[in-house]
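Here is a brief report on one protein model. It starts with the whole chain and then turns to selected residues.

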Amino acid sequence: MQYLSTPSSPAVRKAMSAGLIGCMTTPTQGNRIPEGSWWAADNGKFGRHYVGDISWFAWLCAKVRAYGSDKCLFAVAPDVPFDAAATLACSLKWLAMIRTLDIPAAFCAQDGSEAPGMIPWDEFDTLFIAGSDQFKEGEHARALAAEAKARGKAVHVGRVNSRRRMNIAESYGADSCDGTYLRYGPDKNLPVLLGWLGLDPAAADASAAKAEAKARPLHWHPRLSSTISAADGRIHAPESYRTHLIHGVACDEHTCEVCIHDCTCARCTGWCRCDRPPNAPTPGGAVRFNDDGRLSKEGLLALADDIAEALGPPWEHDRTNHTYWRTELVCPDDDWRISIEVAPGRHKATATGLTPTLAGRWWRDSDKARIGFTATRDPEAIAADLRRRLFPPYAHALIVERAGIAVELARREHFGAAAARLQTHLPASGHRDRDVNDCRFHTYWTDRHGSHNRASLDNSGDTVHLDLRQVPLEVACALIDVVEGRVPSRRPGHRRGTGPRRHARRRATRRSAQAKAVRP
């Protein structure tokens, strides 16, 4: 019987790749299916965060495209937990659509599915024993499993998290079961689970390691002294490296087909299936990695060229600021710049988004716009990793930095205008220290009274610091009144207002005009 679980630790993933257990995945799980493992797709209805029928089917289609249908055990149609009638109405329209993906369709048996007509036997391939614990362990579930076997259907039992429940599933003749037993404490519970399945944990670890080694491609680690022939482009061992004898005479490695290291000859000791990636040479013939496993200068340049080609236009490799440990990728259209650097560790590198400054130079941004990756990966995979992990935080960092630059430029413009205005009111003989970029403006002068005075403009451009040593009493009083907001009142005039006299003249003129009009 196959046990399906979540890939919750490296040990569990190795066991899945070795075929010891299978992988059960859901739309909200987010884990990748281990390479080479058997897998099944649940709908996630039993959880608290169901994504919806349409989103579930789109996710299922994506899974089939990504991992294929050969190793898929089944896909569970949407159901309604503990309700047989609602499950039948919900699942019936999706069973045929699952089969169109060339994968087996699974129907959930719930409480009440023992009633006639509640199981559409011709519409699915696997009977999923769901429902409550009483139903799952009762006679109705046993009878449904027996009928499914008689009809040639596969049987799967859900929520198997104990040895007792596994024994019940085995008594049903189930082909597979699943549970969350490995979700909590996976490294501790994995040997226990393998013991339930009758597998030796030590043999399981050895089988997993063997399967992992077999999955790795056969590759060769070239020596630093190896050469690439210009005639055939093949890697050749150095002349002093003797591997075998031909008729009792040491061969010439440059011409001997056995010693040319692009074959699988057993005498070529550089060939292996180890987990250390191969040290493939650059197009110029140099090795990509040094003896300590770090990227060489030529390897870094070749890596940047490959990543720029994988990203596609308008990305290009800019070698202007190249050093032995750092180079840059640029995108002229978006004004983006990414630094590719050698990182500590074997075959490690980092990609860092660079943000502009006011001076027009590019500096390294915060760690939020930086990712690490393995330099031996395929350039297409590295480019996809950059788009997924680096580009979103880098775009946000650029927005924040450019907004800050705009604010700083506006502040400098305001300070410059304030400094120019203050300068028009200061004597021309004053000594000035002015720098708009640093928001600094200081001046000092000697006035006509012989006093040494100073004036400083605050970096906000709104406040002036005055240091007036000696001023006349009238000037000091007037300045204090202005600072305190008291404006000196004007002296009242001796003349009365002209308003009353003006109105009297208008009335006299009006009466005179009326008298002339009445006179015969």
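## Overall make-up

Of the 520 residues in the protein, 40% are buried. The model is predicted. Its secondary structure comprises twelve helices and 24 strands.

Contacts across the sequence come next. Take the contacts in the protein with a separation of 6 or more: 47% of them join residues 24 or more positions apart. The exposed surface comes to about 29,500 Å². Carbon and sulfur atoms supply 53% of that area.

## A buried serine

Ser91 sits in helix α3, which covers residues 84-99. Is Ser91 buried or exposed? Ser91 has a relative accessible area of 1%. The cut-off for buried is under 20%, so Ser91 counts as buried.

Which residues does Ser91 touch, leaving aside those up to four places away in sequence? They are Ala77, Pro78, Asp79 and Phe107.

## A positive patch

Seven arginines need a look here: Arg501, Arg502, Arg505, Arg506, Arg507, Arg510 and Arg511 form a positive surface patch.

One of them, Arg507, lies in helix α12. That helix spans residues 499-518. Arg507 has a relative accessibility of 41%. Buried means under 20% and exposed means over 50%, so Arg507 falls in between and counts as partly exposed.

Notes:
Residues are numbered from 1 along each chain as its sequence is written. This is a predicted model: local features need pLDDT of at least 70, side-chain atom pairs count only at pLDDT 80 or more; totals for chains, interfaces and linings use all residues. Side-chain values use heavy atoms; hydrogens and water are left out. Patches are made of residues with over 30% relative accessible area and no salt bridge: like charges are joined within 9 Å, nonpolar side chains (Val, Leu, Ile, Met, Phe, Trp, Tyr) within 5 Å. Accessible areas come from the Shrake-Rupley method with a 1.4 Å probe; for residues, only the protein chains shown count as cover. A salt bridge is a side-chain nitrogen of Lys or Arg within 4 Å of a carboxyl oxygen of Asp or Glu. Lys and Arg count as positive and Asp and Glu as negative; His and the chain ends are not counted. The place of a charge is taken as NZ of Lys, CZ of Arg, CG of Asp or CD of Glu. Helices (H or I, at least four residues) and strands (E, at least two) are DSSP runs, numbered from the N terminus. Buried means under 20% relative accessible area, exposed over 50%, partly exposed in between (1.4 Å probe, protein chains only). Contact means heavy atoms within 4.5 Å.
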